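Here is a short tour for anyone who likes to think in charges and surfaces. Take a look at the sequence and the model first, and then we can go through the details together.

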Amino acid sequence: MTSVALGAEDEEEKPAKPSVPNIYLDLRTIYAAIPAGALGLGFGHSSISAALEALAALKGTSFPGGLPAAQTVAIDLPLTVDVTDRVSLYGGVSASSINLGNTGWSSLEITSWNIGIQADLYQQNGGVIPTVTLQSTVTQSIPNVPGATTSFNNIVEFDYALDADETRGWLAGTQHTYTDINSQAARIGTNKIFYVGGYYQWPSNWKFTGRVGIQSFAGAQLLNQTPFQPFTQPIVRLDLDRMDDNDNRLFGITAQIAWMPKPAYQVTLRTPLYAVRN
């Protein structure tokens, strides 16, 4: 009888589940500086969007010495729905502008759309097996014409929390990106990242996350351009986020350095716009 009474009491103390999921526009503003002869590859599908914009800029343009150094500014607008505390669905468009060498900035245009899912396949919940998260994203360049690209980006991450509140812990994971080009005269190889990291969240709800790893790119041949050589180089990503008491992100800034083999830099501001926030 005692166990039944305790179970009933625990059930009463559990907070009611929200009837409406979190719904928000996960606005991301991205600036990237990419060295000559490189594509803007790195963590997440946002980096892929920057690379797709660089590829789009090549259409009808010839650079005898290969792709020059580039700067890109991109805006990602994925509408995100947290279906449960384990599953999120998202989809939206990306707009970007690029400056190749001294050509000046192009006009800001919608250059790709994306759709994806993030799901916790397993949650640690105080156990010894870490949380396992899968994130899969499909990105398609716009317009879908000869030379257009479609990328498939998959991330599997293991999160081992060191306390019950999951405010500090270790990370390990892998990212695999495959890009298909709608042209028989071009190809782009797979891109893989293997990384480790950790995170710490202060009582003020500021959270720092760091990841370091190795990025391996299989190279590319793009139309009339000089081939992009394969490389295996280090990559670093640092995140600082402001969370609320329910672990909803209020603001975030991400800095990434990827050697390809020269360093490429990317800074991302995340400013979610909530329609519903539980």
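Asp-26 and Arg-270 are both buried, where buried means under 20% relative accessible area, exposed over 50%, and partly exposed in between (1.4 Å probe, protein chains only). Their side chains meet in a salt bridge, at 2.4 Å from N to O; the term stands for a side-chain nitrogen of Lys or Arg within 4 Å of a carboxyl oxygen of Asp or Glu. This pair links distant parts of the chain, 244 residues apart: Asp-26 lies in the loop between strand E1 (22–25) and strand E2 (28–34), and Arg-270 lies in strand E15 (residues 263–270). Strands here are DSSP runs of E with at least two residues, numbered from the N terminus.

A word on the source: this is a predicted model, in which local features need pLDDT of at least 70 and side-chain atom pairs count only at pLDDT 80 or more, while totals for chains, interfaces and linings use all residues. Residues are numbered from 1 along each chain as its sequence is written, and side-chain values use heavy atoms, with hydrogens and water left out.

Searching the whole structure gives eight salt bridges. Asp-26 and Arg-270 also belong to a salt-bridge network with Arg-28 and Asp-76.

| Pair | N to O distance |
|---|---|
| Asp-26 and Arg-270 | 2.4 Å |
| Asp-239 and Arg-211 | 3.4 Å |
| Arg-249 and Asp-241 | 3.0 Å |

Asp-239 and Arg-211 are both buried as well.

Now to the surface. Tyr-200, Trp-202, Phe-251 and Leu-269 are among the residues of a nonpolar patch with about 880 Å² of accessible area together. Such a patch joins nonpolar side chains (Val, Leu, Ile, Met, Phe, Trp, Tyr) within 5 Å, taking residues with over 30% relative accessible area and no salt bridge; the areas come from the Shrake-Rupley method with a 1.4 Å probe. Strands E11, E13, E14 (249–259) and E15 each give two or more residues to the patch, and E14 supplies the largest share, three residues. Trp-202 sits in the loop between strand E10 (191–201) and E11, and its 41% relative accessibility makes it partly exposed.

Definitions and conventions: Helices (H or I, at least four residues) and strands (E, at least two) are DSSP runs, numbered from the N terminus. Patches are made of residues with over 30% relative accessible area and no salt bridge: like charges are joined within 9 Å, nonpolar side chains (Val, Leu, Ile, Met, Phe, Trp, Tyr) within 5 Å.
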